[in-house]
Amino acid sequence: MSQDLFQAPDYYNLDDLLTEEHLLVRDAAREWVKREVSPIIENAAQKAEFPKQIINGLAEIGAFGPYIPEQYGGAGLDQMSYGLIMQEIERGDSGVRSTASVQSSLVMYPIYKYGSEEQRKKYLPKLASGEFMGCFGLTEPDYGSNPGGMVTNIKDKGDYFLLNGAKMWISNAPFADIAVVWAKNEEGRIKGLIVERGMEGFTTPETHNKWSLRASATGELIFDNVKIPKENILPNKDGLGAPLGCLDSARYGIAWGAIGAAMDCYDTALRYAKERVQFDKPIAGYQLQQKKLAEMVTEITKAQLLTWRLGALRNEEKATSAQISMAKRNNVDMALKIAREARQVLGAMGITGEYSIMRHMMNLESVITYEGTHDIHLLITGFDITGIPAFK
Ligand code: TGC
Ligand code: FAD
């Protein structure tokens, strides 16, 4: 990608609603993305490689466990700061934000929230520093939107549990040191467990040929009679509500992240439209292009307001799962539509790796599917307002 000239849109002066600490955290992440992500990300995506060299930097800006208490190695920040970090990282690339989301919300959060004190001390500091990378295994080949149907299972063998089954579409799987995995016990109750790389019978084949999220490594988790020590079971919560509770945190981060991707597309399109001359004047001077740009900044502003309010509710521990679903659904859809419009503003240049827009657009096709599809989130809102679940 050519030089990163990003300037964030703030049409309604939303920075005024942020504290000094929020601005410091946000600006540190923004500068880091400009310095360390923008110069290398296009190449990593073209080569379909996760850029491991950024792991230390992600840890340094507090992207691994932003809201996990400092005593466990986390950054001890609030939910607004967590969201702002995700926004800035996804401004660079959704795949990089995915890595941070999984590590924070889907690996550190369940260990912190549902784990024993021993598990917290053993894993959280290493995950916060990036010494350990984690992944989260919920989805199975036959159970995506309906994770409650999972068939991966554990059997009690006295001293240990025997784990069998398979998970699919797992971010970070190919290189993760540990996996937080969800499996049914003999009573059919869903339990969380920590599986470590190197355990016999545990393999993580990589998923190739993705057109989307190419700078994020995706893979399977295969369990063939894996012996799981009893101390690796998360003791403090079970049932489907346990993994879904982690998803609340990750979906909240995605709601912010999608704004970052949208801001980058808008900013790129605006700059290009002002510079690109056709029929003797900049294309930004034509009404059709202004309509696109004006609608983009309007939608970004609405999403920023929605998400700021969600952050305030999260800080007060008042945000409902359905409110998070609404923001995830709205913002990812908004970002994807903006990416498509922004690409058109750039004409043929929009399809090249010289600009970030096409990469964002392709990435967002995953983001609109994972962590609950666009349609599943609509059904969650429908259930919330009518009281009638339409999932089945
Ligand atoms: P249902 O009967 O409604 O609920 C089962 C239990 O869970 C509770 N619950 C929640 N708890 C916490 N947070 C939430 N968001 C919750 N939603 C529901 C619920 O109260 C109940 O508790 P209890 O005590 O009564 O048992 O469950 P259902 O089977 O009817 O399904 C509901 C549905 C469709 C909404 C849910 O299954 C769903 O959200 N499906 C989507 C699956 C999904 O999002 N998968 C994501 C996999 S991870 C991923 O994509 C990572 S990508 C990471 C990256 O790279 O960034
Ligand atoms: P399906 O559930 O088969 O859905 C197919 C279509 O049917 C969708 O349009 C869906 O909306 C629709 N549909 C399903 N049920 C209903 C219904 N009741 N009513 C109406 N329409 C319905 N999972 C993890 O566990 N960990 C990860 O780290 C992870 N990372 C991922 C990374 C990538 C790049 C991708 C693409 C996915 C990842 N996932 C991960 C999996 C992701 O969460 C699932 O893909 C997602 O939940 C949807 O499941 P599915 O793909 O099986 O689609």
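The following questions and answers cover a predicted model, its two ligands and a few of its residues. Local features need pLDDT of at least 70 and side-chain atom pairs count only at pLDDT 80 or more, while totals for chains, interfaces and linings use all residues. Residues are numbered from 1 along each chain as its sequence is written, chains are lettered from A and ligands numbered from 1 in the order in which they are written, and side-chain values use heavy atoms, with hydrogens and water left out.

User: How many residues surround ligand 1?

Analyst: A residue is near a molecule if one of its heavy atoms lies within 4 Å of it. The closest to ligand 1 are Ser 98, Ser 171, Asp 248, Arg 251 and Gly 372. The number of residues that surround ligand 1 is 26.

User: At what distance does a polar side-chain atom of Asp 248 lie from a nitrogen atom of ligand 1, and what percentage of the ligand does the protein bury?

Analyst: A polar side-chain atom of Ser 98 lies 2.8 Å from an oxygen atom of ligand 1. These pairs fall under polar contacts, that is, N or O atoms within 3.5 Å; within protein, one must be able to donate a hydrogen and the other to accept it, and residues adjacent in sequence count only if both atoms are side-chain atoms. For Asp 248, a polar side-chain atom lies 2.8 Å from a nitrogen atom of ligand 1. Taken alone ligand 1 exposes 1,100 Å² (Shrake-Rupley method, 1.4 Å probe; for residues, only the protein chains shown count as cover), and the part of that buried by the protein is 70%.

User: Which element gives the most to the shell around ligand 1?

Analyst: The space taken by ligand 1 is the largest pocket. The elements that give two or more residues to this shell are α4 (94-114) and α6 (241-275); helices are DSSP runs of H or I with at least four residues, strands are runs of E with at least two, and both are numbered from the N terminus. With 6 residues, the element that gives the most is α6.

User: Which residue has a side-chain N or O atom 2.7 Å from an oxygen atom of ligand 2?

Analyst: Ligand 2 is surrounded by 18 residues, and Thr 139, Ser 145, Trp 169, Thr 373 and Phe 391 are the closest. A backbone N or O atom of Trp 169 lies 2.7 Å from a nitrogen atom of ligand 2, and a polar backbone atom of Ser 171 is 2.9 Å from an oxygen atom of the ligand. The side-chain N or O atom that lies 2.7 Å from an oxygen atom of ligand 2 belongs to Thr 373.

User: What percentage of the area that ligand 2 exposes when taken alone does the protein bury?

Analyst: An oxygen atom of ligand 2 is 2.7 Å from an N or O atom in the side chain of Thr 373. Taken alone, ligand 2 exposes 970 Å². The protein buries 67%.

User: Is Trp 169 buried or exposed?

Analyst: Trp 169 is found in strand β3 and has a positive phi of about 65° although it is not a glycine. Buried means under 20% relative accessible area, exposed over 50% and partly exposed in between (1.4 Å probe, protein chains only). With a relative accessible area of 52%, Trp 169 is exposed.

User: With which side chain does the side chain of Thr 218 make a polar contact?

Analyst: Thr 218 lies in strand β7 and counts as buried, at 6% relative accessibility. Residues touched by Thr 218, not counting those up to four places away in sequence, include Trp 169, Ser 171 and Lys 210, where contact means heavy atoms within 4.5 Å. At 2.7 Å, the side chain in polar contact with that of Thr 218 is Lys 210.

User: Which residue has its backbone oxygen 2.5 Å from a polar atom of the side chain of Ser 212?

Analyst: Ser 212 is in the loop between β6 (202-203) and β7 (218-229) and counts as buried because its relative accessibility is 12%. Beyond four places away in sequence, Ser 212 touches Met 362, Asn 363, Glu 365 and Ser 366. The backbone oxygen 2.5 Å from the polar side-chain atom of Ser 212 is that of Met 362.

User: How many residues of helix α9 are buried?

Analyst: Helix α9 spans residues 357-367 and is mostly covered. Its buried residues include Asn 363 and Ser 366, and what covers the buried residues includes α1 (20-47), α3 (79-92), α4, α6 and α8 (321-345). The count of buried residues in α9 is 8 of its 11.

Technical notes:
1 Å grid on protein atoms, 1.4 Å probe; cavity = no way out; pocket = protein on both sides within 12 Å on 5 of 7 lines; lining within 4 Å. Sits in = over half its atoms within 2 Å of the grid points.
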